[in-house]
Amino acid sequence: MARWTWLALLVPLTGCPPGPTGIAPRDEGEALARVNENLGRVNVPLQYKAVVSFRFRDAEGKQRRFIGHEASLIYAPARYLRFDIRSLAGVVAQFGSNDERYWIWIEPEVRKLWWGEWSRLDRSSTRQFIVSPEDLLDALMLRPLQPALAGGLRPLLRTVGDDHRLLFVRLGQNGQPAGLREIRLDAREPYQPREVIDRLPDGRVQMHAELSHYARVGKDGPYTARKYVVRWPLDDSEMRLDVRRAVLRPDLPPEVFAFPAEWQGQVERLDEAPAP
């Protein structure tokens with residue numbers, strides 16, 4: 001009971017503009033099912049052609065910006081990702097992951113590859129990834145929701161008028177709350193996520209994603225968002241993604257998600273202790 005009291009104190013609910021409503025979910029199970037039945041239809045690679053703007057601080061604290069670049073994002077279940085950012089010279093940055101590894105490389109100025117293995121991922125580590133593929137996957141909301149976060153309980157559904165939210169608690173090794181995720185669902189069909197907020201136990205926001213302009217992929221495919229605004233306030237990072245075209249690509253080979261093993265430039269492994 002105390003854990004839910006903590007949730008109620010931590011999560012302020014904001015009002016939504018009035019408008020047509022749908023049928024509110026009966027419970028968290030129905031809310032999850034609505035989202036997952038839709039996203040479960042992304043069962044082959046999904047490709048976005050888009051325009052993206054990124055800003056972040058690198059390991060030296062320098063602000064890096066990619067403004068209005070062409071981008072190609074390919075996702076396949078459950079955590080295959082290839083997100084290429086292009087300039088006139090070609091691909092200048094890539095976020096990627098497959099079943100074994102995650103990585104990012106940046107070509108201009110930095111010419112560096114950062115990577116690690118999922119099996120050794122430690123979210124409590126002080127070594128920070130710029131914007132990890134895991135965070136991107138969570139923000140893009142392209143894969144079905146799990147019934148609980150790591151170490152946590154089933155979510156709580158809070159419904160106040162047209163504001164429908166799933167609240168997930170993440171527990172630490174001591175069994176105490178280590179984080180909270182709010183997912184605000186559209187009160188209208190297709191009932192998909194409109195907002196994702198990750199918080200620390202003290203209420204500070206780690207990630208805030210806004211998703212809008214949902215449309216079907218193809219004639220009768222899944223609904224996906226076509227506009228994303230994602231902020232990581234504690235890391236002073238932001239991504240804006242405007243999707244121009246979305247298609248399912250069952251023809252793509254697995255090599256699309258290959259780790260860049262032949263990288264020529266600096267390399268930093270993120271799941272190993274830094275050199276003294």
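Guide: Let's start with R111, which lies over the face of W263, 5.6 Å from the ring centre. Bear in mind that this is a predicted model, where local features need pLDDT of at least 70, side-chain atom pairs count only at pLDDT 80 or more, and totals for chains, interfaces and linings use all residues. Residues are numbered from 1 along each chain as its sequence is written, and side-chain values use heavy atoms, with hydrogens and water left out.

Visitor: What makes a charge sit over a ring?

Guide: NZ of Lys or CZ of Arg has to be within 6 Å of the ring centre and within 35 degrees of the ring normal. R34 gets the label too: its charged end sits over the ring of Y191, 3.8 Å from the centre.

Visitor: How many aromatic pairs are there?

Guide: Ten. Rings of Phe, Tyr and Trp (its six-membered ring) pair if their centres lie within 6.5 Å; planes under 30 degrees apart are stacked, over 60 edge-to-face, the rest tilted.

Visitor: Why is the pair of F54 and F83 called tilted?

Guide: Their centres are 6.2 Å apart and their planes at 50°, so tilted it is.

Visitor: Which residues are linked into a cluster by ring pairs?

Guide: F54, F83 and F95. F83 and F95 form a tilted pair, 6.0 Å centre to centre with 35° between the planes.
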